[in-house]
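User: I would like a close look at a single part of this model, taken slowly and with the cut-offs stated.

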Amino acid sequence: MGSIPASALLPTMPLIGMGTAAFPFTSSQETTAALLRAIELGYRHFDTARLYATEGCVGEAVAEAVRRGLIASRADVFVTSKLWCSDAHADRVVPAARETLRNLGMEYVDLFLVHWPASVTPGKYEFPFPKEEMAPSFDMEGVWRGMEECHRLGLARAIGVSNFSPRKLEQLLSFAAVRPAVNQVEMNPMWQQRKLREVCRREGVQLCGYSPLGAKGTPWGSSAVMDSAVLQEIAGTKGKTLAQICLRWMYEQGDVLLVKSYNEKRMKENLDIFDWELTDEERKKISQLPQQRGLPGLQFISDDGPYKSVEDFWDGDV
């Protein structure tokens, strides 16, 4: 029996999504209000996770948007959530998905992702986590069978992964009955994911990029993007913000992109990337930028875990 193709799972994923990861992770009425305003401005794709503590905020914002008539129903938005490492155990996947739906107040998520290719001690939702809580192995096939069950049960319309290297994605594809629809990864002009992009294009897996501006000021980000003289020059020449240059570049690659700003001016600017384009010269300059991960994944490196080094974790794609 053949596998279910990824393309069959993702007919309606909006190209721009609103991220909800703000460190330290917490839920608040301010977050709910910002997400409601995002719906008013036209955002229809929201990315959350059990770890972020914002599933409830997303659910409340969507429900309020329906009550106000901003959208006709929950079906008018695309909601992604993720399986945290403490639930990345074969027997915990389906219960974790059900808990996510309780948090959201929804009957299904449009997309459910394995957050990282790693497992930690069950029961906690924290990052960073103590190194001693890293499990000695990651049961990729067992966890994925749980994800496939979530899809079969209708808890998730589509399933996918996050932070999977090209090699790990190929390993997953070798046994998946339901193929991953998406691989959500760090992506921006300073880490363009060239090797992974080749695999995803060949296999029909949609790339979705987080940290498009480098996530400066967070534990998972760096200042490399915002401090880039090349990107600043392109932005100045075009009369656009540096953020718009980065987002337009990702859009031109065919990627789904996740933005994260609750500032209304920037929320509007981040949607204004469709009626102009980069020149060939500007694309060339971006292609020549030095490449370095902003998020090396050091938290997952442990002598007692499955990954002993950064190179090991990313399978050499560093």
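Where does His115 lie? Please go on from there to what surrounds this residue.

Analyst: This is a predicted model, in which local features need pLDDT of at least 70 and side-chain atom pairs count only at pLDDT 80 or more, while totals for chains, interfaces and linings use all residues. Residues are numbered from 1 along each chain as its sequence is written, and side-chain values use heavy atoms, with hydrogens and water left out.

His115 lies in the loop between strand 4 (109–114) and helix 4 (140–152); helices (H or I, at least four residues) and strands (E, at least two) are DSSP runs, numbered from the N terminus. The UniProt record, an unreviewed entry, places the feature "binding site" at His115. UniProt positions are in the numbering used here, feature names are shortened, and annotations may be inferred rather than shown by experiment.

His115 counts as buried because its relative accessibility is 5%; buried means under 20% relative accessible area, exposed over 50%, and partly exposed in between (1.4 Å probe, protein chains only). Leaving aside neighbours within four places in sequence, His115 is in contact (heavy atoms within 4.5 Å) with Ala49, Leu51, Tyr52, Lys82, Leu83, Trp84, Ser162 and Asn163.

One of these contacts, Asn163, has a positive phi of about 65° although it is not a glycine. Asn163 is found in the loop between strand 5 (156–162) and helix 5 (166–173), and with a relative accessible area of 2% it is buried.

The loop that holds His115 is also the place of Pro128. A cis peptide bond joins Phe127 to Pro128, with omega about 0°.

The structure also holds 1 cavity of 30 Å³ or more. On a 1 Å grid over the protein atoms alone, a cavity is a set of points where a 1.4 Å probe fits but cannot get out, and lining residues have an atom within 4 Å of a point. Grid points are joined across faces, edges and corners, and a volume is the space filled by probe spheres set on the points. The largest cavity has a volume of about 40 Å³, and its lining consists of Val114, Phe138, Met140, Val143, Trp144, Val161, Phe164 and Leu172. Helix 4 gives the most to this lining, with 3 residues. The lining divides into 8 nonpolar residues, no polar and no charged, where Ala, Val, Leu, Ile, Met, Phe, Trp, Tyr, Cys and Pro count as nonpolar, Asp, Glu, Lys and Arg as charged, and the others, Gly among them, as polar.

Note on methods. On a 1 Å grid over the protein atoms alone, a cavity is a set of points where a 1.4 Å probe fits but cannot get out, and a pocket is an open set with protein on both sides within 12 Å along at least five of seven lines; lining residues have an atom within 4 Å of a point.
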